[in-house]
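Here's a quick walk through a few local features of one protein model. Have the structure open and follow along.

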Amino acid sequence: MRPTLADVLGADVSLLQSGMGGVAGTELACAVSEAGAVGCAGGYKLAGGALSALLARLTAGTDRPVGVNLIPEVVGPDALRRQVEQVLDETPHNVHLSFFGMPEDQVLTRVSAAGRALVVQVGSVTDGVRAAGRGAVVVAQGTEAGGHLLGTAPRGELVAALRAELPGACLVASGGIGSPADAARALAEGADGVLLGTAFVVAHESRAHPRFKSAVTTADRSDTVITDVYGIGWPDRRHRVLATAATADPRRPKKFIGRTVVEGKPYLVPRFSAAVPTEATTGRIEEMAMYCGLSCGAVREEVSAADVVAAFAHVLSGAGSAGHEKRVESHVSR
């Protein structure tokens, strides 16, 4: 019998939280991990002191399995290697490395040599086989997912194809999973766990802007579109977002429409920026990139991260699930 995701990462629930840049801060990641699943903080383009600040909060917030998500294609090979070294140097072994898309083989080798768990999100069978060959937990992202899309296959099709190639690998399904019933279907398709993004966007601990959260809880799948308009900062990548005036008319001028703050540093936000609106963002929120998957129809209210984990725990239980239930009860009662 294959081990579950919970077995592989040492958690209680076979559930990964997506390391969404801007949205997935340390508050969300630690809350998810403390509830028994596996949280993940979005490292995005952070480096130096800004990355150190995030890592310090993460390690202070939990000693449970938790990750830092890095994105090879938006930082480039040299910057990615520096990020990886910083994470390895400044965090204990309960912190794993998560990559959105395939990094170079030498990066995967470095992480494995350091004895850290490794998670790689992919959109193709080729990349999944390569990641599994390096000992990674493979997240199979289907086109139902919100955010940047790594491939062109629906979730079930990709999971089935990867399982056929990788009968013993730990596979995680991502895309369109908003309810325990969706998670059960993903397991039946051959997954060993699931990754949730949209469901955690609206968690109390998420850093998503209140208008972003509200838009997700009132949306259904027909309100999402796949587009490439939000390319400033992340070019040449399709993404699933909530339909906005920007997606309706990509010819609008690329002028500044807002401001935001990242790790204490202020930034201007241009129209068509890939940056999500966070609680630190002001301006025309309604035109910004609000990443949202087809699962939004099942996401109807803002709840705690622990509540999200608890809702899925009976479907995605792993080793030590009884201990998880006690931790969730304690967390919710605080």
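Predicted model: local features only at pLDDT ≥ 70, side-chain atom pairs only at ≥ 80, totals over all residues.

**Helix pairs**

Two packed helices are described by the angle between their axes and the distance between the axes. Here is how the two pairs look on those terms:

| Helix pair | Axes come within | Crossing angle |
|---|---|---|
| H2 (residues 26-34) and H3 (residues 48-61) | 9 Å | roughly 25 degrees |
| H7 (residues 125-133) and H8 (residues 155-165) | 10 Å | roughly 45 degrees |

Let's take H2 and H3 to begin with. Their angle is roughly 25 degrees, and angles under 35 degrees count as roughly parallel, so H2 runs roughly parallel to H3. The crossing of this pair is right-handed. On the H2 side, the residues making the contact are Thr-26, Ala-29, Cys-30 and Glu-34, and H3 brings in Leu-54, Arg-57, Leu-58 and Gly-61. Sort the contact of H2 with H3 by class and you get four nonpolar, two polar and two charged residues.

Now for H7 and H8. Which is it for this pair, parallel or oblique? H7 and H8 are oblique to each other, with axes that cross at roughly 45 degrees. The crossing of H7 and H8 is right-handed. From H7, Val-125, Gly-128 and Val-129 reach Leu-158, Ala-161, Leu-162 and Glu-165 of H8. The residues of the contact of H7 with H8 split into five nonpolar, one polar and one charged.

**Strands**

Strands of a sheet pair through backbone hydrogen bonds, either parallel or antiparallel.

For the parallel case, look at strand S2 (residues 39-42), which pairs with strand S3 (residues 66-70) over four bridges. Gly-42 sits opposite Asn-69 in S3. Which residues of S2 point which way? Gly-39 and Ala-41 face one way, while Cys-40 and Gly-42 face the other, and all are buried.

For the antiparallel case, there's an open sheet of three strands in the order S13-S12-S14. Strand S13 (265-270) and strand S14 (282-283) are at the edges with a single partner strand each, so one side of each has no neighbour in the sheet. Strand S12 (residues 256-262) pairs with S13 over six bridges. One of the partners to look for is Lys-265 in S13, which is the bridge partner of Val-262.

**Two loop residues**

Find Ser-14 in the loop between helix H1 (5-9) and strand S1 (15-17). Is Ser-14 buried or exposed? Its relative accessibility is 2%, and buried means under 20%, so Ser-14 counts as buried. Not counting residues up to four places away in sequence, Ser-14 touches Thr-4, Leu-5, Ala-6, Asp-192, Gly-193, Val-194, Leu-316 and Ser-317. Also worth a look is Val-172: it is 158 residues from Ser-14 along the chain, yet their C-alpha atoms are separated by 8.7 Å.

The other residue is Arg-237, in the loop between strand S10 (224-227) and strand S11 (239-242). With a relative accessible area of 18%, Arg-237 is buried. What does Arg-237 contact, leaving aside its neighbours within four places in sequence? The list is Glu-73, His-148, Leu-149, Leu-150, Thr-227 and Asp-228.

Terms used: Residues numbered from 1 in each chain as written. Heavy atoms only, no water. Axes fitted to C-alpha atoms, helices over the stretch in contact; angles between N-to-C directions. Parallel < 35°, antiparallel > 145°, perpendicular 65-115°, else oblique. Left-handed = near helix turned anticlockwise from the far one by under 90°. Contact = heavy atoms within 4.5 Å. Nonpolar A, V, L, I, M, F, W, Y, C, P; charged D, E, K, R; others polar. Pairing = 2+ DSSP bridges. Buried < 20%, exposed > 50% of the residue type's maximum accessible area, 1.4 Å probe, protein only.
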